[in-house]
Amino acid sequence: MGIITSMSVFWLATLVVFVLVNRGIWVFTDVSKSMSMFMLEKALGPPIDFVEGKRGSAATTWIIQGALWLIPASVITFCGLWLSHDPEALHSLSSWGLNPASSSLLTSGFLVAIYGSVGMLLIGSSMHIVPELGGTTLATEKNATLMSFVWTLSVIVMFIAANKPEIVGIKIMPLATLLTNLALIAVIVNMLLTAASRTKKMPLPGWMMIIGLISAPLSVVVLAITGPLDSGTGQWLVTRIHGPTSLFLLMSGAILYGASRGSGNPLWSRSLAAVTMVGAIFTINPLGLIEGEMASVFLGIDAASFDPSRNDIVAGSFLLALSLIPIIALSANVLATMRGDDVFIENPDSPGMPEINLAAFMAVPVSIGGLFVLTDYLTGTNELTGVHTSLVMMGVWVVFVPASMGAALSIFPEVSGRNVLSVNRSRWAFWLMAGGAFSGLVFTMMADFSDMALLEASIEEENSMSSRIRVLGSVLFYGTVIGSIYHSLNIISGSFRGTLASEGPIPSSTSISSPYKLTKETTVRKILAQREGKLDTVVVPESSTEMPGSPTEL
Amino acid sequence: MLAMGFVSTMVFLILYGILFPSSDLPVISSVLPVFDGVFDSGIWFFILGAMIGVFAILGTMLTEATSE
């Protein structure tokens, strides 16, 4: 079965799921709701009582764990980058039976960053965003909190599997897949129950997050049923939909909400949000790994050779190129939302806003790079695959990580009830992470290009220039490690003794609240464009007081 | 207190060197060979920095959770 046929089945399945979520499943809706709720809480027995069900506790737990996963992810990636120019640097670990290599460390760093950090931050954000947009509460905070620990366990297993695929003859990665899906299915059911109890029409960012979560397992099921999962093309396709498409939808929902909430501006364009959602489903996202081998590793099946037909190449290239439309739509929408009606970002110092700005800004060039490399791979030319690893890491560290971190930081005060400890530390963390990742990976990419040029010229001598540039790249990437430690410290300290969110300063004059607090001039259109802006919205000057005035004493 | 501890450590080390010349330090001389070959690459200094950061987070969590 070709790419276009498999994609058609996926589109149809997504449409069916969307309709079912909206309309319910006929007379079985109530039965399925109560049964799902029972499975999520009471059926789990005593373990469910280990966690608290306070409002916001699930989102806080997922976000804190996601932030903590940033540290191992950045350290492992840093070690991988270092070993690419100094393969013997960690040879002393061999006395403990460990023989880390650059490639295995970069792969495990990628997995820990995507599943541990990005995945947990985005799922944590969705646990606040979906109920908030639906005007309801999360169906079960307890189950969601408990599942965060299952997810963390799965990331640990995934890290072990990436470095030691088999232990006593047993493949480890399928075990990680099992644990991840166990937690993911519980989260999806939780989200569906939450969506079912919505009290108002849910805006698009909420649907993006729900469909993003569902599309991951849905793609595997669709390709398993239709057959091509054991072929190279099928494995390539499932790697593309399961990872980048699913994460892109989750990320889009999170940063659209985060940009609007953090800046206090209404979403710039609902049409562009719709283009982002529909476009992400109907195209093939160019971010992420180019090969399909990872799918076979995760599913524990044999890797098939990638041998696409001519039709597959044409259809794949076409859908890859089309994917730039939703990506540009997202980028434009987020940047315009953050800027409001002038050229400046609202609340540039607010934690999370610089990260969202960076992610929205970098999504387009990194995607264009990914499109070139993927098309090159799809057509079998393989002239650009030398920069593939650097480009994938750039997508992770300057698009997905900042986006998920930014969204999580912008909603953190609402979910935890406290602000992060220090805005200044948050700013430092951003510059260290963004500067370290961008400069470090750009230098690494330069070294990749240098190696590719020498390989093409068939020069067999060692490329000392490339090695020197790699040293610089890995040292600069260390900024990301320090930045992630700063972010984690800031979040953890903030959750204990950060200023109370209720006492904190109002983010901007155009914050979404009722009554509408006016601190500077604005327009009626802007007030009406707010979510709660109505004709009878009360506008109060922020500095108003009930104290009687008195003459100034001279 | 720290200065006092540092000065007394130096005094004891110098005294040990005078009283037992050409003798290895007890305990420390047995522990150090374990780390042979560990710091032969610059990467370990970076890893040390990350470890300090991780312990700072653990310390923060412990102190924040136990403080009133």
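Predicted model: local features only at pLDDT ≥ 70, side-chain atom pairs only at ≥ 80, totals over all residues.
Along the sequence the pattern reads α-α-α. Of the 68 residues in chain B, 15% are buried.

One residue in chain B deserves a look at its backbone. Ser22(B) has a phi near 60°, which is a positive value in a residue other than glycine. Where is Ser22(B)? It sits in the loop between α1 (2–19) and α2 (28–31) of chain B. Is Ser22(B) buried or exposed? Its relative accessible area is 83%, so it counts as exposed.

Chain A has a counterpart for discussion. Phi of Val168(A) is near 40°, again positive in a residue other than glycine. Val168(A) lies in the loop between β1 (166–167) and β2 (170–171) of chain A. At 78% relative accessibility, Val168(A) is exposed.

Now the interface. The size of an interface is often given as the accessible area lost when the parts come together. Here chain A and chain B bury about 1600 Å² between them. Carbon and sulfur atoms account for 79% of that buried area. Chain A brings 23 residues to the contact, and chain B brings 19 residues.

What about polar links across it? Four residue pairs are in polar contact between chain A and chain B, counting pairs with both residues at pLDDT 80 or more. On the chain A side, α3 (57–83) and α16 (464–497) each supply at least two of the residues that touch chain B. The largest share comes from α16(A), with ten residues. By type, the chain A side divides into 17 nonpolar, four polar and two charged residues.

How many salt bridges cross the interface of chain A and chain B? The rule finds one. The partners are Arg497(A) and Glu64(B), with the closest N and O atoms 2.6 Å apart.

Back to helix α16 of chain A, which also holds Leu472(A). At 42% relative accessibility, Leu472(A) is partly exposed. Leu472(A) and Ala13(A) are 459 residues apart in sequence. In space they are 47 Å apart, C-alpha to C-alpha.

Next, salt bridges in general.

Start with Asp49(A) and Lys142(A). Their closest N and O atoms are 3.6 Å apart. Asp49(A) is in the loop between α2 (29–40) and α3 of chain A, and Lys142(A) is in helix α5 (residues 141–163), so the pair ties together parts that are 93 residues apart in sequence. Asp49(A) is exposed, at 55% relative accessible area. Lys142(A) is partly exposed, at 25%.

Then Arg261(A) and Glu132(A). This salt bridge has its closest N and O atoms 3.3 Å apart. Why does this pair tie together parts that are apart in sequence? Arg261(A) belongs to helix α8 (residues 232–263) and Glu132(A) to helix α4 (residues 102–134), so the parts they tie together are 129 residues apart in sequence. Arg261(A) has a relative accessible area of 17%. Buried means under 20%, so Arg261(A) counts as buried.

Then Arg470(A) and Asp448(A). Their side chains meet in a salt bridge at 2.8 Å, N to O. Arg470(A) is in helix α16 and Asp448(A) in helix α15 (residues 423–456), and the pair links distant parts of the chain, 22 residues apart. Both Arg470(A) and Asp448(A) are buried. There is also a network: salt bridges that share partners join Glu132(A), Arg261(A) and Glu414(A).

Last stop, Asn285(A). It is found in the loop between α9 (270–282) and α10 (293–299) of chain A. Setting aside neighbours within four places in sequence, the contacts of Asn285(A) include Arg240(A), Pro244(A), Thr245(A) and Phe248(A). Also among them are Leu320(A), Ser323(A), Ile327(A) and Leu374(A).

That is the tour. Over to you.

Notes: Residues numbered from 1 in each chain as written. Chains lettered and ligands numbered in written order. Heavy atoms only, no water. Helix = DSSP H or I, 4+ residues; strand = E, 2+ residues; numbered from the N terminus. Buried < 20%, exposed > 50% of the residue type's maximum accessible area, 1.4 Å probe, protein only. Contact = heavy atoms within 4.5 Å. Buried area = accessible area lost by both parts, 1.4 Å probe. Salt bridge = Lys/Arg side-chain N within 4 Å of Asp/Glu carboxyl O. Polar contact = N/O pair within 3.5 Å; in protein donor to acceptor, adjacent residues only side chain to side chain. Nonpolar A, V, L, I, M, F, W, Y, C, P; charged D, E, K, R; others polar.
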